[in-house]
Amino acid sequence: MADTNPPDFDRRAGKTGEERSGKVADYRYKRPPQPEDKAIAGGAIRSRGPGALPRRAAHPRRPRQAYAALDLGTNNCRLLIARPSGENFTVIDAFSRVVRLGEGLAASGKLSDAAMERTMAALQVCADKLRRRNVHLARSVATEACRRASNGPAFIERVRQETGIALDIISAQEEARLAVLGCHILLEQGHGPAIIFDIGGGSTELVLIEPGDGPVPHIVDWQSVPWGVVSLTDTVTRRGEGSEARADRYARMRKTVDDAFAEFGERIAPFAKHEDIRLLGTSGTVTTLASLYLELPQYDRRAVDGLIVPSAAMRDISTRLSTMSMDERGTLPCIGQDRAELVVAGCAILESILDLWPADQLGVADRGIREGILRSLMAADFAAESSREAVRRTRGESFAK
C-alpha cells in the first residue's frame with residue numbers, strides 16, 4: 001500500500017463510524033515522455049521543521065520521477081505535480097479551479113448535472129497535465145460531496161471512463177490524516193497539544209495532536225462534521241435583506257456549527273487548559289482572512305503560507321465580514337465575487353473553532369491534502385525502492401561468493 005497511517009494513529013478517536021479507505025488510485029500514465037516545461041516559479045516547498053521526506057540516495061538507473069496528487073472537494077478541484085528534491089519536493093505543475101461540485105447537494109442529496117459538467121471540464125485539464133508530465137505515480141481522492149451524494153459512485157466511474165483518473169472516495173478520517181501530514185510542519189514550536197483544522201466545501205475536519213516520538217505528530221482525537229462553506233451556505237438560507245437579516249443568518253450558522261462541534265469540544269476540553277496550546281488552519285477561509293489581515297492587494301501564497309496571526313484579529317475580520325453585504329464583500333481584495341457568498345460560512349466555522357480552542361495565535365497553511373498525499377507516495381515509493389536495492393545487493397553478494 002502506497003499510503004500508510006502515522007504509526008501511532010489512535011483508532012478509537014473520531015465518532016463518524018467510517019473506516020479508513022486506504023485505497024491508492026495509482027493510475028500510471030505511460031505516455032511517451034514530453035519535453036519538460038519550466039518549473040513553476042517559487043514551487044519548491046521548503047520544510048520548516050520535522051516531517052520532511054527521507055533523504056534519497058542517488059540511483060543512476062532511475063530518473064527523478066514525477067508524482068501527482070489530485071484533491072476533488074466540494075468546492076474546488078486541485079492538482080499538484082512534483083518531483084522529489086532532497087528531503088522535500090519541487091512543484092513542477094499545479095492546477096486549481098472552483099467547480100462547486102456540491103452545489104445544491106444539501107437539498108437534493110445528489111450531484112447536479114451542471115456541477116458534474118463543470119467538474120468534468122476541470123478533470124479533463126488535470127488528465128492532460130498528468131499525461132503531459134509523464135507522471136510515475138498518482139493518487140486522486142474525492143471527499144465530502146462524493147461521500148454524501150447518492151450518485152457519487154456513478155460519477156466516479158464516469159470520471160474514470162472519460163479521463164482515466166481513478167478517484168478514491170476517501171473517509172473523513174483519511175481526509176483528516178492527509179491534511180495533518182501535509183501541513184503539520186507549519187505548527188508553531190512548542191510541546192503542548194495542538195488542533196489542526198481544515199474547513200472544506202462540504203465538511204470540516206478537526207484533529208487534536210501532541211508531539212510524537214518521530215517526525216509525524218501523535219493523533220489523539222479527531223472529528224469531522226458535515227459543515228463546510230458550501231453545505232453551510234446552502235443549508236442556512238437567507239431570511240431577508242439588510243443588517244438584521246445578515247446578523248440573524250450568521251447567528252444561525254454559528255449555532256449549527258456549535259451544535260455539531262459540541263461532543264468533540266467536551267472531549268478536548270481538558271487539553272485546551274494546557275498553557276502551550278497551538279492552532280493551525282488549512283483552508284481557503286483562513287488564507288483569505290490572512291490576506292485581509294496583511295492588506296494584500298492580491299493573494300500571495302509566499303506571504304500567507306506559514307503566517308502566524310493573532311486569533312483576535314481573525315475573529316474581528318470574521319465578524320466584520322458577516323455584517324457586510326455580498327456586494328460589499330465582493331469588492332474586497334482577495335475575496336472577489338467567487339468567494340463573496342461562501343466566506344461568511346467559513347467565518348462562522350472559524351469562530352466556533354476559536355471558541356473550542358482559545359489559542360492566542362492562529363497558524364495559516366496554504367497546503368494540506370495534496371501535500372500529504374505527495375509525501376506519502378514519495379516516502380512509500382522510496383521505501384519500496386530501498387527494499388528492492390537491498391535485495392539486489394544481497395543477490396549480488398551471493399553470486400560473488
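A cavity is a set of points, on a 1 Å grid over the protein atoms alone, where a 1.4 Å probe fits but cannot get out, and its lining residues have an atom within 4 Å of a point.

**View 1. Lining of the largest cavity in the predicted model.** The lining comprises Thr74, Gly102, Leu105, Ala106, Glu144, Ala145, Arg148, Gly202, Val230, Ser231 and Asp234. Helix H1 (105–108), helix H3 (144–148) and helix H6 (229–235) each give two or more residues to this lining. The lining divides into 4 nonpolar, 4 polar and 3 charged residues.

**View 2. Packing of helix H7 (residues 243–272) against helix H13 (residues 343–356).** The axes, which are lines fitted to C-alpha atoms over the stretch in contact, lie 8 Å apart at an angle of about 30°. H7 and H13 are therefore roughly parallel (angles under 35 degrees). The crossing of H7 past H13 is right-handed.

**View 3. Residues in the contact between H7 and H13.** Contact (heavy atoms within 4.5 Å) involves residues of H7 including Tyr250, Met253, Phe261, Phe264 and Ile268. Among the H13 residues in the contact are Val344, Cys347, Ile349, Ile353 and Leu356. By class, the contact has 14 nonpolar, 2 polar and 4 charged residues.

**Notes.** Residues are numbered from 1 along each chain as its sequence is written, and side-chain values use heavy atoms, with hydrogens and water left out. In this predicted model, local features need pLDDT of at least 70 and side-chain atom pairs count only at pLDDT 80 or more, whereas totals for chains, interfaces and linings use all residues.

Definitions and conventions
Axes are lines fitted to C-alpha atoms, for helices over the stretch in contact, and angles run from 0 to 180 degrees between N-to-C directions. Helices (H or I, at least four residues) and strands (E, at least two) are DSSP runs, numbered from the N terminus. Angles under 35 degrees count as roughly parallel, over 145 as roughly antiparallel, 65 to 115 as roughly perpendicular and the rest as oblique. A crossing is left-handed if the near helix is turned anticlockwise from the far one by less than a right angle, and right-handed if clockwise. Ala, Val, Leu, Ile, Met, Phe, Trp, Tyr, Cys and Pro count as nonpolar, Asp, Glu, Lys and Arg as charged, and the others, Gly among them, as polar. On a 1 Å grid over the protein atoms alone, a cavity is a set of points where a 1.4 Å probe fits but cannot get out, and a pocket is an open set with protein on both sides within 12 Å along at least five of seven lines; lining residues have an atom within 4 Å of a point.
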